[in-house]
Amino acid sequence: MTDASISVTQSVVEQFTERYLRSIGCSIERSDDRWLVSVPDDTDTEITHGRHTLIRGEGTPDDDDDRTKRLHPESAFFQQLLREAGERSPSGKLSIESESDIESPEWIQNGAVEVQSAQFTPYYDRTAIVVLFRVGIETVSEYQQELLRAVAVDTRSEESLPKLAETFLDTTTVESETATSGTVQLTKTDVRPLLETARELLLESVQGQLDDIHREASRAADSEVEEYRQMQQQRIQELQEEHSNLSSKINDLSEKINTGDEDSRVQALRERKELKSEYEELDETLNELQERRDSGFPNRQREIRERHSLDVQVTPLTLTEVEYERGEIDFELIDGSIHQTVTLGYGSGIGVSDTVRCSSCERELTERNPLQTVSDGLKCQSCIKER
Amino acid sequence: MSGYDLVDIEVTHESADDLLDSLSEDGTDGSHLQSIQAVRLQAGQPDSELRSLKELDENAVKLLEHQVDAAYRALFEMDGKALLADEVGLGKTIEVGMILKEMHFRETDESVLILTPAQLAKQWQAELREKFGLDFVCNYDDEFEDFDAHNYIIASIDTAKSERHRQTVLDRDWDVLVLDEAHYVKNEETDRYDLIDRLSYNYAFFLTATPIQNELTDLYNVVSLLRPGLFGTRDVFHHYFVNSNQETLVNRDELQDRLNKVMIRNRREDTDIDFTDRTIDTRTFDPTPKERELYQAVSDYVKGAYSQDQGQKLVLMLLQKEVVSSPVALKKTIEKRLYDQSELTHADELESILDLIDEIDTVTKQERLLDIVEEARDNVEMGRVIVFTQFRATQQQILDRLASEGYTVHAFHGGHSSSEKEQIVEDFEEEGGILVSTDAMSEGRNLQFCNILVNLDLPWNPMRVEQRIGRVHRIGQKRDVFIFNMALKDTVEEYVLERLYHKIDLFQQSVGELSSILSRLEESGTSFEDEIFERLVAADSEVDLENDFDAMAVDLQEQRELADKLEEFNSGVFEGFDLGESDD
């Protein structure tokens, strides 16, 4: 699925800023690297009303004050503008016109046959919703990753329309000025189930990325568990050593008690008592640690794995009702001297919707197995090669 | 690993209420499109960030903040024409690697020419490959044809300016030119300067730790190559920035402002680089009488053969090096020579050397190596030691010997594929024990997890020694590093070690210092290895030899002192990039 984000270059920044400011009623006088912006009092914006100077490009933050702002991809002013514009009208309507360029399917584009003409006849008006989702993925071992993805769903059939989502992205670049029209017809009740479907489709589409990050997080957790296990093992060894030292000291003292004179016996007994209690304490710690080791340190494991778990946050940011048309398309194909017209199901913005098979071998025509000839039916590349 | 599915994924769907509420609101025409665009821009990256950073292999290269910063500024604030003038050892090569990586990522590098001093060309090639995955052809590679036959070339500047290649180099429009040790072109009357002046390129990155070698004019020349016109004409520059008695600067602030447009200079104290201590333990051993006899025989043979036929220099040099590495290495070469070449002069001498080799039953260095590894086994984490030798035959014998003593051993040499090499390093880290490596290891591999290194034999090229040490003593090494050098008494190795390497404090050099000394030497037209060999075979007596090596050491020391002085001078001049109090 295509990344829906747009790279923020200086020229894009300026293009967007100028259009946005003018659209909310500001006027701009441009001179070299400065823009003088007037924000009328009745303008609905968070930007302070009155006159401002925008300086193009980067510079020291000191240049920023109430009336003078920097304009570049990371400038505070531009970020504020984006927030404001993003929240202004998160839902709306957009039409994909039938006159927009007709794109022949990849199995024709990659094949050996040329398209002489293409004629689209729309039969039905259809509606879809396109949702822009922000997907935030966070783990302890990775920086937060943010993805922006567009998902398109037909409102009636709830089928996924990936091609329409791509067309949507193509028609909403910063270069495009007038792609929206009219007010949204869909109601909350219509949209709720569609949004559910869109969420599911979204998760399917980012599954690959989630899996990759999941694998990395698991590896990080595993190595932390292993490190902990080794550390505890080392501790066990140290305790065991101490344990056996104490044990032999106690034995030595017992020997003394059996053989020594009265005074040294009493002294040795006292010492042995102290050592024995130390020994018992150690014994307990050691046993406990060994038990935890034998059961695989379950608490610690759980704690580590919980810490490494992936937190995925899905936020729908914009919702667009898209009108498109469905009908049939006639491709007139030329193969040498042979002309052949093929009629296929088609939708504006979604392209050819039919699956077409080779008339000889019944294999599906695809980008990799394109149309090779139209003489005597539509034949695929594999058939011709095998001949 | 077993725990793959033990780590949870928790998906939270943020509420869509606000979004649904907005369905009923009437937006102005076009405002929804702007909202979509704004959301898409918010998710986008500023286009002037280093987008290739994420592509880098973190294990291959650890980037430091000042390096990333320098690469960014050179590319985006200086429009791809910059003088990178960090103090030595701060990783100027890394900065250029990042710049080239980024240009590669943005596909603005169809043809790249890197000009370096001859000694550093291969090192550049290895670093760019290992650390940045960038493949360059070097003019010393067999596959190198000419300057119009490849798109990514590393060459010595003198090869590029040679009569044979000059025109081809100049006929081409290069996308990127990198010039290492840019002070080479400080003098406008040299062929080198002329070459760079005539070269056609879109982007250029010049590197030097010492932009000023003698006088401010040096800086004028280097900068003017990069940004013609930045300083105006030579005369104007002089009148404007240097006072009449030619000793002090005037208009410093302005000089600094202009330099800021083209030059980046990081200073060590401004970075967070902190190296651990390095302890050098040089051990010289008495050879056994048999070994001494063999050494004498080989040296006599080399001297005699060389006086008759200087064309055999390389192989004679090899014999001289092998005899101090191990008899078995020597044996292999001699046998090959005897049996491959039927019309060999001095065959009888070689035969008798073979006999001497066969008589040797104790190899002193190998016996003494056991002391070191045993000590390590008792005192160091997992007993990890790296033993370097130049020769595969020596390597094999050591491996066998150590294995028979019960040590865990790992072999690393140039014959392994790169995935095998990676596996070997991984095994060594996990299992510990001893890694016996040839100098194939020297290329860009990081072994900071080990802190003991043994030089079983010593390369006659100090750059190689530095590369060996650089494998373990680098950024990221947390423990002190111990280097053991092994040499036999009264052999060439002892001379190289005692009289040369120790004199220039080779083993205590901080990374990068050496290249400035060596490139100075090279500028005077000397190859280190050749010089050692020539002195060795030319000496008439032991006293002569000692004096010769001392003389060479004096030269080296002088170069080192000069390099130090220059660095100090430049530090002073550019202090904090603040050129000091203006006297105007």
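A: The secondary structure of chain B comes to 23 helices and 14 strands, where helices (H or I, at least four residues) and strands (E, at least two) are DSSP runs numbered from the N terminus. This is a predicted model, in which local features need pLDDT of at least 70, side-chain atom pairs count only at pLDDT 80 or more, and totals for chains, interfaces and linings use all residues. Residues are numbered from 1 along each chain as its sequence is written, and chains are lettered from A and ligands numbered from 1 in the order in which they are written.

Q: What share of the 584 residues of chain B counts as buried?
A: A residue is buried if 20 or more other C-beta atoms lie within 10 Å of its own, exposed if 12 or fewer, and partly exposed in between, with C-beta atoms placed from the backbone. In chain B, 42% of the 584 residues count as buried.

Q: Is B:Thr282 buried, exposed or partly exposed?
A: B:Thr282 lies in strand 9 (residues 278-285) of chain B. It has 17 other C-beta atoms within 10 Å, so it is partly exposed. Two residues are in contact if their C-beta atoms, placed from the backbone, lie within 7 Å. Leaving aside neighbours within four places in sequence, B:Thr282 is in contact with B:Asn485 and B:Leu497. From B:Thr282 to B:Glu498 the C-alpha to C-alpha distance is 9.0 Å, across 216 residues of sequence.

Q: How do I read a sheet, and in what order do the four strands of the open sheet in chain A come?
A: Strands of a sheet pair through backbone hydrogen bonds, either parallel or antiparallel. Two strands pair if DSSP finds at least two bridges between them. The open sheet in chain A has the order 1-2-3-4, with mixed pairing. Strand 1 (27-31) and strand 4 (68-71) of chain A each have a single partner strand, so one side of each has no neighbour in the sheet. From one strand to the next, the twist averages 25°. Strand 3 (residues 50-56) and strand 4 of chain A pair in the parallel sense over four bridges, and A:Arg56 has A:Leu71 as its bridge partner in strand 4.

Q: What about strand 6 and strand 7 of chain A: parallel or antiparallel?
A: Strand 6 (residues 114-138) and strand 7 of chain A run antiparallel, joined by 10 bridges. The partner of A:Ile129 in strand 7 is A:Val153. Strand 7 (residues 145-154) is mostly covered, with eight of its 10 residues buried.

Q: How many residues of chain A are in contact with chain B?
A: 59 residues of chain A are in contact with 39 residues of chain B. Helix 5 of chain A gives the most to the side of chain A that touches chain B, with 13 residues. That side divides into 27 nonpolar, 21 polar and 11 charged residues; Ala, Val, Leu, Ile, Met, Phe, Trp, Tyr, Cys and Pro count as nonpolar, Asp, Glu, Lys and Arg as charged, and the others, Gly among them, as polar.

Q: Which strand of chain B is joined to strand 8 of chain A?
A: Strand 1 (residues 9-13) of chain B runs parallel to strand 8 of chain A, and five bridges join them. A:Val314 stands opposite B:His13.

Notes:
Axes fitted to C-alpha atoms, helices over the stretch in contact; angles between N-to-C directions.
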